[in-house]
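These are my notebook entries from a first look around a structure that was new to me.

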Amino acid sequence: MDFALSARAEDVCGRMWDFMREQVFPAEPVYEEWRTARGHDDHGHPPVLEDLKKEARARGLWNLFHHELGEMTNLEYASVAEIMGWSPTIAPEATNCGAPDTGNMETLMLFGTPEQKQRWLDPLLEGEIRSGFAMTEPDVASSDARNIQTSIVRDGDEYVINGRKWWTSGAADERCQIFIVMGKTDPDGSPHRQQSMVLVPRDTPGLEIVRHLPVFGYQDQHGHSELRFTDVRVPVSNILSGEGDGFMIAQARLGPGRIHHCMRAIGMAERALALMVDRTQKRVAFGRPLAEQGTVREAIALSRIEIDQARLYVLKTADLIDKYGAKGARTEISAIKVAAPRVALDVIDRAIQVHGGAGVSNDTVLARFYASARTLRIVDGPDAVHIRGVAKEELARERPFVG
């Protein structure tokens, strides 16, 4: 495996770092001040993001997440996404590479009809609207997609949808104009053919946004919302792929999304380590800088070791996806989905400890990073599900020798 960056990737990474230093990092306090002035329960769109989006497009840093759009392999994109992870609230959206839009755009690219692509994919690619993915439900263990209870019943030329969803990221932002909704069209069919996905516009009668859920007390600008569908009617033409294809679409959609989260998690860990090192070199305790204390040096060293290990695993997985597709890298995708957030969480925790009270305040990014990294251990399948899959593969693996 050769993980050396291509000339194309070197160029994009260089331009991304310039964009981060010159535009994104200076925009972070502007973004926070705007939200603070309006109250963090307000989900309005900070104007600075539109300025950043224009700048990103002008610099050729737009839609890099997809190999056809960004002209980069997954392996190449991994290094770019890591840089975005240094400012995970702003940089992904500024470059139109943020979840859940990337997963929804890839889903539409793979399974959308020409009409669906024109109506929804094109404005998403232009950054004119945003989207939501409504799969998780409050009344069942949604880590097993077979438990989904939302019903999608055909009535002539329409589907009628009834059910509840939550943790639908993006719904609080009025720019979120379309939802991909997963439900059951054939509850008596085989377990993996019961589910389907349909497109539901935001303004469809019967679709109610019930509330916006906080994450460790934070209300993200785009929100994570609970939705209620009561006799929601959409045309039959709004189905993605076909009836019974929901489980297959979910697997195709989640593979790339999981690795993108892991790539950005490495960037979050790197920024936390950078803050830790800076803090230890400037603070004195017990007569000498923190950087000269043995326990602090251990925290720094362990963080470097763990980040580099996780990065290599992410790069290996990206390389496998490039060669064999997400299905051919399913075990590695599950493994890094466990490993990368855990490493990020450990590094961020050490950085918080070094910062003391400042680490749990809003004076640094660390508290929000911690909330985000901890949440990553649940989204796109909790750790337990991925560990279960890795163990299953390991138990079936043939050994060259035992004894």
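Which residue of β4 is the bridge partner of G132? I looked it up, and the partner is F179.

**Ground rules**

I am working with a predicted model, where local features need pLDDT of at least 70, side-chain atom pairs count only at pLDDT 80 or more, and totals for chains, interfaces and linings use all residues. Residues are numbered from 1 along each chain as its sequence is written, and side-chain values use heavy atoms, with hydrogens and water left out.

**Entry: around strand β4**

I started with β4, which covers residues 176–184. (Strands are DSSP runs of E with at least two residues, helices are runs of H or I with at least four, and both are numbered from the N terminus.) Eight of the nine residues in β4 are buried; buried means under 20% relative accessible area, exposed means over 50%, and partly exposed is in between, with a 1.4 Å probe and protein chains only.

Next I checked the neighbours of β4, counting two strands as paired if DSSP finds at least two bridges between them. Strand β1 (residues 130–134) pairs with β4 in the parallel sense, over five bridges. Strand β5 (residues 195–201) runs antiparallel to β4, and seven bridges join the two. One pair I noted there is G183 with its bridge partner S196 in β5.

**Entry: salt bridges**

Side chains of opposite charge can pair when their charged atoms come close. I searched the whole structure for salt bridges (a side-chain nitrogen of Lys or Arg within 4 Å of a carboxyl oxygen of Asp or Glu) and found 35.

I looked at E50 and K53 to begin with, whose side chains meet at 3.0 Å, N to O. Both sit in helix α2 (residues 47–58), three residues apart, or about one turn of the helix. Is K53 buried or exposed? K53 counts as buried because its relative accessibility is 6%, while E50, at 30%, counts as partly exposed.

Then I turned to R164 and E226, which form a salt bridge of 2.8 Å, N to O. This pair links distant parts of the chain, with R164 in strand β3 (residues 158–169) and E226 in strand β7 (residues 224–235), 62 residues apart. E226 has 4% relative accessibility, so it counts as buried; R164 has 30%, so it counts as partly exposed.

E208 lies in strand β6 (residues 207–212) and R228 in β7, so the bridge ties together parts that are 20 residues apart in sequence. E208 is partly exposed at 37%, and R228 is partly exposed at 30%.

I also noted a network: salt bridges with shared partners join E50, K53, E93, D101, R130, D173 and R175.

**Entry: the second largest pocket**

How much space lies in the second largest pocket? I read off about 460 Å³. Of the 22 residues that line it, the closest to its centre are E32, N362, T364, V365 and R368. Helix α1 (7–38) gives the largest share of the lining, five residues, and α11 (366–376) supplies at least two.

For my own reference: a pocket is an open set of points on a 1 Å grid over the protein atoms alone, with protein on both sides within 12 Å along at least five of seven lines, and lining residues have an atom within 4 Å of a point. Its volume is the space filled by probe spheres set on the points, which are joined across faces, edges and corners.

Technical notes: On a 1 Å grid over the protein atoms alone, a cavity is a set of points where a 1.4 Å probe fits but cannot get out, and a pocket is an open set with protein on both sides within 12 Å along at least five of seven lines; lining residues have an atom within 4 Å of a point.
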